[in-house]
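Okay, thanks for coming, everyone. Let me put the thing on the screen and then we'll walk through it together.

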Amino acid sequence: MIDEHTMTPAIRRWLDESFATLPDPASISARVRAAVHETPQQRGWLPHPEPGVFRAVFDATKIVLSTVIVVVFGGLLMTGVLTTRPNKDSLPAVVTTPAASARPTAPTVSPPPSPSPTRSDAAVDAEMSLLAAPRPIRSGTLDTPLGRARWVYLRGERDLIPAHLEPVPVPGGHVVYARTASGHGLWFSPDLLEWRMRPLPPGRPAGFTALGGYLWALTLPLTEPSWAGVAPSLWRSTDGSDWETVDASELFPSAPADIEWSMYFGEVVSRGAMEVMPLAFEGRWAASHLGLGDAWGIEPNADGSYEVKGGYGADLGTVRFEPIRGGLRVVDATGEELTTLDGWDMGFIDRWASSGPTNVQGRVPIEHRIAVVRDGVLTAIDLPGIGPGGGPGIGPGGGPGIATTDQGFTFYHVREDGTTATWDSRDGMSWNAGETIGDDPGEPRFVVEVEATPSGPVLVTMDPPGDTRNRQRWRLSDDRTWQASTPGTDGSKLAWQAVIGPARLLIREGTEIELLRDGDDLSEPMETEALRLTPGNKLWGGAIGDHAVVISTLRGGRHHHWIIRFDDLAD
Amino acid sequence: VVRAQEGDETAFAILTEQLVGRFQRVAFAILRDPDLAADATQAGLVRVWRKLPGLRDPARFEAWAHKLLVHACYAEAKRARRLDVILAPATEPAVPDGLDAIVRRDQLDRGFARLTLEQRAVIVLRIYLDMPVEDVAEALDVPVGTVKSRLHRAVSALRASLEADARPAMRTRARLEAS
């Protein structure tokens, strides 16, 4: 028995003894060093800008604003946006578009879209950390109509494991690039069952894809909060283990170099051995030139002045906007002129104030290109005549979508008026402008998503935009006629299917899983009791090559994944 | 510390080497699981790195860093609970010794496992690390008075637990529940 007098030394001694069993902390140090290299420090205590800084910031912005005014307002007036929709939606995009002015064709200017949370860098922030490879919760074997299958069950909180696992084959196994709101990681498995971490290139992640037999990663310097005029590094790897930097400059449009481009990888679509991927390029809002955090806004005071708010709530001071010939004059509280905003009127100031802080990372799509891999080089191909400008964005990544057709590939690009421009390619390398969809009644308008299915492209529309009750799926009933169906009413309860060896694995609504052998007219339910799939949960997933499948669901706030590998397909 | 504050990764690596062993022991004492302790240690050190620029007084680094570690331990324990990990001592005696010592160690094992995370934290910081009460208060983000009362209650609870525990010691290893 331990009495009161011996308690403290006994605790010390006991703790010391128990510590003797701890492993060498060197491995922890190594993990910390790796994580630190990937993790930017939080510098939220930004200094209050001096008036001179404020002036300099305004001066820097002024050049951009001046350029933009002519282009954007001119474009808006030409396209009738300002006169027909003088509401918050028509707040000038304040986007750097010198590319547009440098082009022979008039720019198409779109209203500023909301930053898409699905964009690849949307979640990049100071909290970014490495995601550890998941450890199996359960594993086992299944007897299936296709023979024995091994399976593993993985699960984790939503910030620890992504909703979708998309294993990519690499020499010796598969890799999964995992990305959540709080971190990212590259996981490798030789058998799809046991996963371990693989290194990622150093730097702040800005994009990741698998295309043309290579893994490609875009990174930015850790010191940069986001795309801010710095050139990204493009990394290439064949196995997710060894990374090499390659030149990325050719990927960017040839427009003036002073645009602070950001680049986004879209969804890869393959047809035979050819893989193509849309590349979207965006320019950032002029307000981001303030570079003071996440948002910059103005709040009106009762006396007609405005409080300028920077990131982290930093108060940048009080200003007044005074109309002058051809624009606005900006003065500080003492009446000293800070800058002029040529071409702007008070209407812009009102819209700016009412729209709240402008997200400095908000960007506007300007260019779209197609990426292919040629001789190991990631190459961007121009789409003839697409011109600058963008729309609300389609495709799973919020960018344009590509689908395969009988003839090759079709690139879909939604226009602001709801029509969809297309470009066709037989080989993925040469693209020609195709028909415009949505000009005629009975055609899909306001496409929000493009699905590349084995039976052809599916366009998902939301007309009018934003009305989720009016979501429709459109398929080509022949080469030129589109037919709509409302999801859930076309008689199909099929959630998705995957080709597994000589069969197709079908998951219907609920948790029913069937294996359908091609050629037989017989579907056989797959025994899934061992997986402990809870009935009623929505399932999704996909094929991993032709011998495995991943089934996923969201339950209890966690992501759950079952990877099933069919071992006896050769039989 | 100042160099690391300015973003010098090499300086922080040196700091890490100085802290990692102690952090690992403190985390293990709080969590009673070596794997969780390793994860909490890593998370705590990364938090130190991330938040270092916000440390206004480098002289207070030790208490401040331990605060981040303790928070990382709490978060790790919460995460472990979510993953249905049953926390239990998983250690074996490092050095053979007499039966009395073994019994005493077993009693402490079980008694400590019954304490709350907060009680373990105050014991390890105050009794094992011998940190001043003021530093413990800063590390735990509580007033000095709370540290004293929490320490008193922790030691009392440990003593009561030991006195009530007359059964033979039995160790169980941490296990993942296959729910």
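So, which residues in helix 2 of chain B meet which residues in helix 3 of chain B? Before I answer, the housekeeping: this is a predicted model, where local features need pLDDT of at least 70, side-chain atom pairs count only at pLDDT 80 or more, and totals for chains, interfaces and linings use all residues. Residues are numbered from 1 along each chain as its sequence is written, chains are lettered from A and ligands numbered from 1 in the order in which they are written, and side-chain values use heavy atoms, with hydrogens and water left out.

From helix 2 of chain B we have Glu9(B), Phe12(B), Thr16(B), Leu19(B), Val20(B), Phe23(B), Gln24(B), Ala27(B), Phe28(B) and Leu31(B). They meet Pro34(B), Leu36(B), Ala37(B), Ala40(B), Thr41(B), Gly44(B), Leu45(B), Val48(B) and Trp49(B) in helix 3 of chain B. Contact here means heavy atoms within 4.5 Å. By class, that contact has 14 nonpolar, four polar and one charged residues. For the classes, Ala, Val, Leu, Ile, Met, Phe, Trp, Tyr, Cys and Pro count as nonpolar, Asp, Glu, Lys and Arg as charged, and the others, Gly among them, as polar.

Now the geometry of that pair. Helix 2 covers residues 9-31 and helix 3 covers residues 34-51 of chain B, and their axes come within 8 Å and cross at roughly 140°. Axes are lines fitted to C-alpha atoms, for helices over the stretch in contact, and angles run from 0 to 180 degrees between N-to-C directions. The two helices are therefore oblique to each other; under 35 degrees counts as roughly parallel, over 145 as roughly antiparallel, 65 to 115 as roughly perpendicular, and the rest as oblique.

Let me zoom out to chain B as a whole. Its secondary structure comes to eight helices and two strands, with helices (H or I, at least four residues) and strands (E, at least two) being DSSP runs numbered from the N terminus. Along the sequence the pattern reads α-α-α-α-β-α-α-α-α-β. Buried residues make up 51% of the 179 residues, where buried is under 20% relative accessible area, exposed is over 50%, and partly exposed is in between, with a 1.4 Å probe and protein chains only. If you take the chain B contacts with a separation of 6 or more, 74% come from residues 24 or more positions apart.

Further along chain B, helix 6 (residues 117-128) and helix 7 (residues 133-140) have axes that come within 10 Å and cross at roughly 145°. That crossing is right-handed. Ala121(B), Val122(B), Leu125(B) and Arg126(B) of helix 6 make the contact with Val133(B), Val136(B), Ala139(B) and Leu140(B) of helix 7, which gives seven nonpolar, no polar and one charged. In the loop between these two helices you find Asp130(B), which has a positive phi of about 60° although it is not a glycine. At 48% relative accessibility, Asp130(B) counts as partly exposed. Asp141(B), in the loop between helix 7 and helix 8 (144-164), also has a positive phi, near 65°.

Where do the chains meet? One spot is Phe19(A), in helix 1 (residues 4-19) of chain A. Not counting residues up to four places away in sequence, Phe19(A) touches Arg25(B), Phe28(B), Ala29(B) and Tyr128(B). Phe19(A) is buried, at 6% relative accessible area.

Last stop, the chain A sheets. Two strands pair if DSSP finds at least two bridges between them. One open sheet has four strands in the order 27-28-29-30, with antiparallel pairing. Strand 27 (447-453) and strand 30 (482-485) are at the edges, each with a single partner strand, so one side of each has no neighbour in the sheet. The twist averages 25° from one strand to the next. Inside that sheet, strand 28 (residues 456-462) and strand 29 (residues 471-476) pair over five bridges, and Thr461(A) has Gln472(A) as its bridge partner.

The other open sheet I picked has five strands, in the order 2-3-37-36-35, antiparallel again. Strands 35 and 36 form a hairpin with three residues between them, and Gly545(A) in the turn has a positive phi of about 60°.

Key
Left-handed = near helix turned anticlockwise from the far one by under 90°.
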